[in-house]
Amino acid sequence: RLKGKRRQVYRMSDYFFFSSRRRHTRFLPVSWARRCVQETGIDPARLSMKEHLLEFIKGPCSPMIIIPGHQGTQLRAEIDCETLQKNRPDIFSACGWGTCGWSLFRKRPHQEYTIWIPDILSPLNLFSIEKKSSVCLGFLNELKTEKLPNGEIKAVTPPGVKVSWYGNTKETKSQSECGLKSIYNMLPLAFYQVASSKAFFDIEDKLKQLG
């Protein structure tokens, strides 16, 4: 709902806030928006998520929310090798993996893979003519749902596979650019992007130019 000109959003783990009331504005992922609350004189660590949001609204930051679609977000899969091998040997085998330990002859999975859009040299490569690449990609993108006791529908990934956005995993946190890196330059090519793969690049660039 709206209160004045401010929108109250109670589920906020995937949103980004753009501070426009400061002289120097910046993008802030929600978990880093504590500064906007601390400037009200309240310790955010003592607040619930709802209280944190309400205090954020009272503070000096104006939110701008960016909600890209599935194809407009770089997605990463974190692999728990032992769990995946035990529970989904079909996925393990389809991706060409044979062990979770060291082996001279059998491959083991990396801890993380980009699953949208996959790197050219990964076992999920979209540009490969090998059938196993598309099968592996399909398996890791497998999405099923389950109904919770409260009636809500929850999306679930295969056991041993955790999907998140680029910048929210162990290997990508240092390159997240406050979450922006996940929503532009989608092709896994360092020096080439088409208009559609640039996604939010132009918006991000313009906002950075504004400060």
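Phe92, Trp97 and Tyr113 come together as one aromatic cluster in this structure, which is a predicted model. Three aromatic pairs are found in the structure as a whole, and two of them, Phe92 with Trp97 and Trp97 with Tyr113, are described below. A further topic is Lys181, whose charged end sits over the ring of Tyr166 and over the ring of Tyr184.

**The aromatic pairs**

- Phe92 and Trp97 pair in an edge-to-face arrangement, with 5.8 Å from centre to centre and an angle of 70° between the planes.
- Trp97 also pairs with Tyr113, and here the rings are stacked, with their centres 5.6 Å apart and 20° between the planes.
- Trp97 belongs to the loop between α4 (89–94) and β6 (112–116), while Tyr113 belongs to strand β6, so this pair ties together parts that lie 16 residues apart in sequence.

**Burial of the cluster**

- Phe92 and Trp97 are both buried, and for Trp97 the relative accessible area is 7%.
- Tyr113 is likewise buried, because its relative accessible area of 6% falls under the 20% limit for a buried residue.

**A lysine over two tyrosine rings**

- The charged end of Lys181 is placed over the ring of Tyr166, at 4.9 Å from the centre of that ring.
- The charged end of Lys181 also sits over the ring of Tyr184, where the distance to the ring centre is 5.9 Å.

Notes:
Residues are numbered from 1 along each chain as its sequence is written. This is a predicted model: local features need pLDDT of at least 70, side-chain atom pairs count only at pLDDT 80 or more; totals for chains, interfaces and linings use all residues. Side-chain values use heavy atoms; hydrogens and water are left out. Rings of Phe, Tyr and Trp (its six-membered ring) pair if their centres lie within 6.5 Å; planes under 30 degrees apart count as stacked, over 60 as edge-to-face and the rest as tilted. Buried means under 20% relative accessible area, exposed over 50%, partly exposed in between (1.4 Å probe, protein chains only). Helices (H or I, at least four residues) and strands (E, at least two) are DSSP runs, numbered from the N terminus. A charge sits over a ring if NZ of Lys or CZ of Arg is within 6 Å of the ring centre and within 35 degrees of the ring normal.
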